[in-house]
Amino acid sequence: MKAIIISQPGAPEVLHLAERPVPDFSTDEVLVKVAAAGVNRPDVAQRKGNYPPPANTSPDIPGLEIAGIITKIGANVKRWKVGDKICALVTGGGYAEYCTVPAGQCLPIPDDLTFIEAASLPETFFTVWSNVFDRGRLQPGESLLIHGGSSGIGVAAIQMAKAVGSTVYVTAGSAEKCKFCENLGADKAINYKTEDFETVIKQLTNNKGVDVILDMVGGDYTPRNLRILADDGRLVMINMMEGKDTQIDLSVILRKRLTITGSALRPRDVAFKSSIAAALEKMIWPLIASGKIKAVVCDIFPADRAAEAHALMESSKHIGKIVLAFETM
């Protein structure tokens, strides 16, 4: 099969098209002919040598989400059959013509969605469900602040939170991105390059603050986040793009009874990821099928142009998801 491999840690140009054996699959897995694969920031980190894959995962083929057609099934797989069209969260190896997937991590492709659109869903929707709704415990009527509202994570979180009846604020880095987020459903988008999000959130909430913050920035955002959380608020960390070190005032946590939490999805086991898939299929997939929640795809690249896709990801100029297409190769 053809695969996009990381030839060595480095810049986007280290991604190369290569021939690799079709992977073996276990009794609890399916083999998928990949039509499209989503591009995510963990792929970029892995390419740079900063995010090594878990054991028993391809060490040099990145890719955490795919869409395609099941071509073979393991002996213990009951739900799926050969020919089913699915999208799936994978631990790695998604940038290839074939990929193995634990059966529980597969989801049916909603009607009327293309493979490209379906490939843009799993990693972000699994991440948002696990962090905003499970760890962050966001409830209808509560408020959510999303840093990076125009990212793949952001566009998923905006739509999912609005669908359950929450007020949604976001930060984004341009007027265009802010307008896009508001058109997608955000109640207010804050341009962090021209506005102080801490001041704006305090004004918007009459100094009450927000109930949940989803943060992928870290660094000096952390003390500011704590200051704008409401009493009993929850800060959920999913990345630290601006650094892992920060200084915080612990008295703020005590006084407002705050919770700071976070997670990395990739190392979690199959049972955990399968439980998220089941929750998404029950709660979110009907909203996608009805068109209430949409796949937001920014750019599509043939798989052999993965280096360009990674360069766009690192530029942060995109709005929504970047996807690689394999079906044209």
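Let's start with a charge over a ring: Arg224 lies over the face of Tyr221, at 5.4 Å from the ring centre. Here a charge sits over a ring if NZ of Lys or CZ of Arg is within 6 Å of the ring centre and within 35 degrees of the ring normal. Arg268 is placed over the face of Phe272 in like manner.

| Charged residue | Ring | Distance to ring centre |
|---|---|---|
| Arg224 | Tyr221 | 5.4 Å |
| Arg268 | Phe272 | 3.6 Å |

This is a predicted model, where local features need pLDDT of at least 70, side-chain atom pairs count only at pLDDT 80 or more, and totals for chains, interfaces and linings use all residues. Residues are numbered from 1 along each chain as its sequence is written, and side-chain values use heavy atoms, leaving out hydrogens and water.

Now to rings that meet rings. Rings of Phe, Tyr and Trp (its six-membered ring) pair if their centres lie within 6.5 Å, with planes under 30 degrees apart called stacked, over 60 edge-to-face and the rest tilted. That rule gives 3 aromatic pairs. In one of them, the ring centres of Phe125 and Trp285 are 6.3 Å apart and the planes stand at 90 degrees, so this pair is edge-to-face.

Finally, meet Arg47. With 1% relative accessibility, Arg47 counts as buried (under 20% relative accessible area; exposed is over 50%, partly exposed in between, using a 1.4 Å probe and protein chains only). A polar atom of the Arg47 side chain lies 2.8 Å from the backbone oxygen of Gly10.

Conventions. A polar contact is a pair of N or O atoms within 3.5 Å; within protein, one must be able to donate a hydrogen and the other to accept it, and residues adjacent in sequence count only if both atoms are side-chain atoms.
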